[in-house]
Amino acid sequence: MVREKDVCWEFAEQLDGNRVRCKFCFRVLNGGISRLKHHLSRLPSRGVNPCSKVSDDVSDRVKKLITARDEGRESPPLKKQKSGEANSSGNVSVGKPVMYLDTASPVAKVFVSVNQMGSSSNDQENAERSIALFFLENKLDFSLARSASYHLMVDAIAKCGNGFVGPSPETLKSTWLEKIKSEITFESKDIDKEWAVTGCTIIADTWTDNKSRAMINFLVSSPSRTFFHKSIDASSFFKNIKSLVDAFDSVIQHFGSENVVQIILDGALSYTGIGNHIVQNYGTIFVSPCASHSVNMILEDFCKVDWVNRCLVEAQAITKFIYNHAPVLDLMKKFTGGQELIRTGVTKSVSNFLSLQLLFKQRPRLKIMFNSPEYCSNSALVNKPQSISCVSTLEDNDYWGAVEECIAISEPFLRVLREVADGKSAVGFIYELMTKAKESIRTYYIMDESKCKTFLDIVDKKWHHQLHTPLHSAAAYLNPSIQYNPEIKFLSSIKQDFYNVLEKLLPTPELRRDITNQIVLFTRASGMFGCNLAKEARDAVAPGLWWEQFGDSAPVLQRVAIRILSQVCSTSTFDKQWSTFQQMHFEKRNKIDKEALNDLVYVNYNLRLARPLKKSLDVDPILLYDIDMTSEWVEEVENPSPTQWLDRFSSPLDGNDLNTRQFSSSIFGPNDHLFGL
C-alpha cells in the first residue's frame with residue numbers, strides 16, 4: 001500500500017482496493033498513486049492514458065518527481081560490461097532518453113543509431129539527419145522546410161539548449177491548439193473594429209470532392225487581412241435553396257449586414273439564385289464573382305484555341321523528353337546554369353503560359369545543348385524519335401513565333417491575376433487592368449483582325465457576362481490614380497454605374513444631401529483634393545488610404561469611397577488542404593474529435609492565410625515553389641498505376657482547377673488521419 005504522505009494524493013481520491021480517481025478528469029485508475037503519477041505527468045509510459053485536463057504546472061511538478069525517483073534508483077544491468085565499454089557506444093544517457101520512441105516505428109533503430117553517434121559526428125549533420133528522418137517517417141512534404149514557422153521552431157528549440165522536452169501529443173492537441181486558436185480569434189476581433197470605416201467582404205469559396213459532395217468555406221476580408229470563418233457541408237443545399245439562404249443569412253448576420261459591402265461568389269454558387277436573394281434582401285450589399293476565377297477561365301479558353309493548344313503540346317513534348325531522361329536532364333541543368341524549364345502556377349492554365357515563357361527564354365541554350373558533343377556522343381539518346389522531334393521543334397522559327405504570340409496575349413492577364421491575388425484591396429484597379437489587357441490584344445493584332453476578334457470575344461464573354469459589376473466601375477471612378485490620369489478614356493462610360501452605386505449605398509435623399517457638390521470637388525481636384533500632398537500621393541498610396549487622408553472636404557463621398565475601395569475582388573490563391581476539410585465533414589467521429597478537428601481547420605486555414613502578409617516583394621503570388629511532377633509538362637505515362645507513390649497526392653477537387661497535386665500538397669492517403677484525429 002502506498003504511503004498516505006505522498007504529495008500527489010492532493011490530486012487524487014482514494015477508492016476501495018488499490019484504485020484512485022483523478023481529481024482533474026475523474027478517470028478511475030487501478031494501481032494506486034504510482035499509476036496516477038504517470039497519468040498526470042502525461043509521459044507515454046506504463047500503458048497509462050494521459051490526463052487531458054491536468055494543468056501544465058501540475059504535470060511538470062509530477063514529471064520532476066518521477067525523474068528524481070528514477071535517477072535515484074540504480075538501473076539493473078542487462079549484461080556485464082567492462083568499464084571501458086560503458087561509453088563506447090556514445091553519449092546517450094540511459095536515465096534520461098533524448099526522445100520517446102514508438103516501438104512500432106519502422107525507423108526506430110535508425111533513430112537510436114543517430115543518438116549513439118556521439119561526439120565523433122558533427123552536431124549539425126546529426127541534427128539535420130534527425131529532421132530528415134522525422135520528415136520521411138511521417139510522410140511530411142519537404143517544402144514545409146521553407147515555412148517561416150518551421151524556422152521559428154528550429155530557432156526556438158536551439159535557444160532552449162540541452163534538456164528540452166517537446167510537448168506531448170495531448171498537449172499539442174489540447175493546450176496549444178486552444179491557445180493558438182484564441183490568439184487568432186483575438187486578432188480577428190481586434191481587426192473587425194475597422195469594419196465600421198472600411199466595411200468588409202464575405203468570400204464564399206466552394207469545392208466538390210470526388211463523390212460530388214459540396215462544401216462552402218466562408219472567409220471575411222478587409223484591408224488588414226483575410227480570416228477564415230467556418231466551413232459547412234453544403235451537399236444538400238444546392239437542391240434546397242432555403243437551406244443555402246439560411247446559411248448565407250447566418251454568416252451575414254454574424255458579421256453585421258451594415259458592415260458587409262460585397263459578397264464574392266465563385267462559379268458554382270453563381271447559378272443557385274443565392275445572389276438574387278442577397279441583392280433583394282440586403283439593399284446595400286453587392287454580389288460579385290471571383291476575379292481570379294474569371295481571369296483563369298479566360299486563360300483556359302485561350303489554351304483551347306487550336307494553334308495555341310498545338311504550341312503547348314509541342315512545348316510539352318520537349319520538357320517530357322528532358323525530364324524523363326536523367327542524362328538529358330543533367331545536361332540541361334548544366335547548360336541553363338541550374339535553371340528549370342517549367343513552372344507550376346496556381347492553376348493549370350497559369351502553369352501552361354508561365355512554362356511557355358520560361359521555355360522560350362531557354363531556347364538558345366537548349367539548341368546549344370542538343371548540338372553539343374556531350375549530347376551528340378550519346379547515340380542511344382540522339383536517335384530516339386523524341387530527341388529528333390525536340391531538335392526539329394527548337395529549330396522551327398515559325399513555331400517559336402507562335403510561342404511568342406502566346407506569351408504576348410497571356411502576359412497581360414497573368415498580370416491581372418498577380419494584382420488581384422493574396423487579399424489585396426484591388427477592386428479599384430480591376431476595371432483598368434482588364435481594359436489595358438484588352439487594349440494589349442488590339443495593339444498586338446492590329447494587322448490581324450481575325451485573331452484579334454477570336455481573343456477579344458473570349459475576354460468579352462467572361463468580362464461582360466461574368467466578371468464586371470457596377471461596383472468595379474464605381475471603384476475605378478473613385479480611384480485617384482484613374483480619375484486624374486489624362487490618358488484614361490473610359491471615365492465617361494462608367495459614370496452611370498458610379499451613380500447607380502451611390503444610389504444603392506445612399507438610398508434616401510437625406511443621405512445624398514450635398515453629394516453632388518462633393519462629387520464636383522473630387523472630380524475638379526478642389527480644396528484638399530488638389531493640394532500638393534494629395535497630388536503626390538495619387539499613385540503612391542492605396543486609394544482607400546488616399547481618401548482617408550485627403551477626403552475630409554467631402555465627408556459623405558469620403559465614407560462611401562473608403563468602403564468601396566477597401567474591398568478585395570478575388571479569393572485567395574494559395575493551395576488548400578482539402579483532405580483536412582474532407583475529414584472534418586465526411587468521416588464519422590465522436591463529438592470531441594470533431595470539435596478538435598474544427599479547431600484545427602480554423603487554425604490551419606488562418607495561419608496559411610497570414611502567409612502573404614509575410615511574403616517578400618519579389619515573390620510571384622501566382623507561382624508555386626515546386627514543380628508538379630505529375631503534370632502534363634513532365635509525366636509521360638497516360639494511365640499511371642494507382643499504386644504509384646506519387647498517386648497518393650491529393651487530386652484536384654475544386655472547380656477552380658487549383659494544382660492540388662503539386663509537390664507542395666499533403667501526402668496523406670485515404671487511411672492517414674491527420675494529427676491522430
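This is a predicted model: local features need pLDDT of at least 70, side-chain atom pairs count only at pLDDT 80 or more; totals for chains, interfaces and linings use all residues.
The protein chain has 677 residues, of which 46% count as buried. Its secondary structure consists of 29 helices and 8 strands. Where residues at least 6 apart in sequence are in contact, 65% of those contacts join residues at least 24 apart.

In soluble globular proteins, nonpolar side chains tend to be buried together. In the present model, the largest nonpolar core comprises 102 residues. Within this core, the residues with the most contacts are Phe302, Ile322, Phe413, Met434, Trp547 and Leu557. Helix H18, which spans residues 397–420, gives the most to the core, with 12 residues. Another core, of 40 residues, lies apart from it and includes Trp195, Ile232, Val245 and Ile278.

The surroundings of Trp547 were listed without residues up to four places away in sequence. On that basis, Trp547 touches Leu478 and Pro480, Phe522 and Phe529, and a further set made up of Leu557, Gln558, Ala561, Ile562 and Leu565. Of these partners, Leu557 is also named among the residues with the most contacts inside the largest core.

Ile322, another of the residues with the most contacts in that core, is one of the buried residues of helix H12. Helix H12 covers residues 306–323, a run of 18 residues. The distance from its first C-alpha to its last is 26 Å, close to the 26 Å expected at 1.5 Å a residue. The buried residues of H12 are Trp307, Val308, Cys311, Leu312, Ala315, Gln316, Ile318, Thr319, Phe321, Ile322 and Tyr323. Gln316 and Thr319 therefore count as buried along with Trp307 and Val308, each having under 20% relative accessible area.

A nonpolar patch is also present on the surface. The patch is formed by Met153, Val154, Ile157 and Phe164, which together have about 330 Å² of accessible area. Met153 is located in helix H5, residues 148–160. With a relative accessible area of 45%, Met153 is partly exposed.

The count of salt bridges comes to 19. One of them joins Arg225 to Glu187, with the closest N and O atoms 3.5 Å apart.

Glu632 is partly exposed, with a relative accessible area of 33%. Lys348 is likewise partly exposed, at 40%.

The salt bridge between Arg442 and Glu439 has an N to O distance of 2.7 Å. Both residues belong to helix H19 (residues 430–444) and are 3 residues apart, about one turn of the helix. An α-helix has 3.6 residues a turn, so residues three or four places apart point the same way. Arg442 is partly exposed at 34% relative accessible area, and Glu439 is partly exposed at 39%. Elsewhere, Asp301, Lys304 and Lys462 are linked in a network of salt bridges.

Positive phi values in residues other than glycine were found at Lys139 and Asp514. For Lys139, phi is near 55°. This residue is in the loop between helix H4 (123–137) and H5, and Lys139 is partly exposed, with a relative accessible area of 27%. For Asp514, phi is about 70°. Asp514 is in the loop between helix H23 (491–505) and helix H24 (515–523). At 40% relative accessibility, Asp514 is also partly exposed.

Technical notes: Residues are numbered from 1 along each chain as its sequence is written. Side-chain values use heavy atoms; hydrogens and water are left out. Helices (H or I, at least four residues) and strands (E, at least two) are DSSP runs, numbered from the N terminus. Buried means under 20% relative accessible area, exposed over 50%, partly exposed in between (1.4 Å probe, protein chains only). Contact means heavy atoms within 4.5 Å. Patches are made of residues with over 30% relative accessible area and no salt bridge: like charges are joined within 9 Å, nonpolar side chains (Val, Leu, Ile, Met, Phe, Trp, Tyr) within 5 Å. Accessible areas come from the Shrake-Rupley method with a 1.4 Å probe; for residues, only the protein chains shown count as cover. A salt bridge is a side-chain nitrogen of Lys or Arg within 4 Å of a carboxyl oxygen of Asp or Glu. A nonpolar core is a set of buried Ala, Val, Leu, Ile, Met, Phe, Trp, Tyr and Cys residues joined through side-chain atoms within 4.5 Å. The expected span of a helix is 1.5 Å times one less than its number of residues.
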